[in-house]
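User: Hi! I'm new to reading protein models. Could you walk me through one, feature by feature?

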Amino acid sequence: MMTFKKKTTVVLSLLAAMTAGSVLAAPPALPKDGSWGSGAGDANFDTMMQSGFQSKGIATTERLKQDPTQKLCSNPTTIYSAKNTALREKLQGENEASIKYPSNGNWLGNWKNGEKIAQSGKGLTWSDKAGEANGGNCYNCHQITKEELAYGTIGPSLYNYGKLRGNSEETIRYTWGKIFNAKATNICSLMPRAGAMGVLNEDQIRDLMALLLDPESPVNK
Amino acid sequence: MRAPHIKASLFVVIALAFSVSSQAQQDSTSAGIEAYREALQDGNPADLYVDSGAEIWKKKAGPKEASLEKCDLGLGPGKVKGAYAQLPRYFKDTNKVQDLESRLLTCMEKLQGVDTTEIVKAAFSSPKKADLVALSAYISAESKGMKVKVSLAHPKERQMYDLGRRLFYYEAGPYDFACATCHGQDGKRIRLQDLPYIPSAEGAAKGWTTWPAYRVSSGQMWSMQWRINDCFRQQRFPEPIYASDVTVAISSFMAGNSNGSVMQTPGIKR
């Protein structure tokens, strides 16, 4: 019975998907030259942005100003175009240079604190207060421990991270860099630059490192 | 009030849906969520807002002691049926592309003589915005079952769509987030929440055709403007000004992409 029911559901949803697919026209394509259409050039876009937002709490309109990395990554048509090769390399180098490795030589903190930071999605919205510790938002996008089932899938699974990679100096350094500034290794990575943008402090990064790399962490069980 | 009871019983369902042990299989979690989503369809408290929105539409108000019944939502004065499915659109009298809520502000100003400055400034949960939320529930319900038919033919309509698309990819702020960070790939989710891929017709439709919606988790009716506002909050952006071109542009992008899909408004959400 279950099988039959399941099959019926599958067939029905396939039919629904096919019908939907045949009805809906494809949205207008982006211009191939990296422009946005004649009415959406820089002047019009800037006017819209400047008149359309207001500062609220800690989220001021200053935040709308892009750094060169954000600017490059805001145009899906041209990010990886040949004419941007030199720019990509330059910006990746700048992001790499922003990484500050641990000042006290300690790379791994407490995985239990790391789990709390990974769970928390708090911080830096207009409804958050200045000076409060930010969360890492990690589970929003990654599977981490086996126990937490409510994880997102925008980033890769980090379950068994340390078990699979070991804890060589190279791995430890790489992992720190990834958390501190993911755009140092992948210029338009979707992952926030937690250290470089001041979202997480050094102690918090150490705790996340332990969550990923400590053999005692549930991630590596 | 019926709403709190509905809310309470839905929370029981949520509790059941999520009361799986940590060893439970992913399958049973998904099944639980699916059961919860189905249960949500049973009674939509949004209907209460639809009724109150219909009353507000007919009620005389403002210095001119007039109702909104002659408001032109794009299909002619007073024509509500099907109007929401064709918004945003270009309006000759304002020479602007407007979504439902910016158009309602125009009607309140012109027909009722209301100064809308304070309404624009007010928080979404404030009584000052309550009429607009209820009106959007009512007007969206009058397009339920109809196909989205948003014109991009007028140069200003196409411009608004293009500006919205550019905004969709605009990355900024302390987390480097753009709309596209979460909504730029197909088949992803944040925590357990599925993320529609908005540049596609099917993905845009998942969002566009189901808002305004009643949100069970907050016990609130949210208009499309409210939904967009909270997206930008989570994006760590400053606040989009109510009914500004920023908000109309992003709506034009979603609506333009969902052309041909069927309106299911008002929706119900977690």
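Predicted model: local features only at pLDDT ≥ 70, side-chain atom pairs only at ≥ 80, totals over all residues.

User: Where does A:Ala25 sit in chain A?

Analyst: Look for the loop between α1 (2–23) and α2 (42–52) of chain A; A:Ala25 is placed there.

User: Okay, now the two chains. How many residues of chain B are in contact with chain A?

Analyst: For a question like that, you list the residues on each side that touch the other chain. Here 46 residues of chain B are in contact with 50 residues of chain A.

User: Which part of chain B gives the largest share of that side?

Analyst: That's α7(B), with 7 residues. Several other elements of chain B supply at least two residues each, including α2 (26–40), α9 (201–208) and α11 (245–257).

User: What classes of residue make up the side of chain B that touches chain A?

Analyst: Sort them by class and you get 19 nonpolar, 13 polar and 14 charged residues.

User: Which strands pair between the chains?

Analyst: When strands pair, check which chain each belongs to and which way they run. Strand β1 (residues 53–54) of chain A and β7(B) pair in the antiparallel sense, over 2 bridges. Within that pairing, A:Phe53 stands opposite B:Pro240 in β7(B).

User: How do I read a sheet inside chain B?

Analyst: In chain B, 3 strands form an open sheet in the order β6-β5-β8, with mixed pairing. Its edge strands are β6 (220–222) and β8 (267–269), each pairing on one side only. From one strand to the next, the twist averages 30°.

User: How many bridges join β5 to β6 in chain B?

Analyst: There are 3, and β5 (residues 213–215) runs antiparallel to β6(B).

User: Last one: what does chain B look like as a whole?

Analyst: Count its elements and you find 11 helices and 8 strands. Of its 270 residues, 46% count as buried. Then check how far apart in sequence the contacting residues are: among contacts in chain B between residues at least 6 apart, 68% join residues at least 24 apart.

Key: Residues numbered from 1 in each chain as written. Chains lettered and ligands numbered in written order. Pairing = 2+ DSSP bridges. Helix = DSSP H or I, 4+ residues; strand = E, 2+ residues; numbered from the N terminus. Axes fitted to C-alpha atoms, helices over the stretch in contact; angles between N-to-C directions. Contact = placed C-beta atoms within 7 Å. Nonpolar A, V, L, I, M, F, W, Y, C, P; charged D, E, K, R; others polar. Buried ≥ 20, exposed ≤ 12 C-beta atoms within 10 Å, placed from the backbone.
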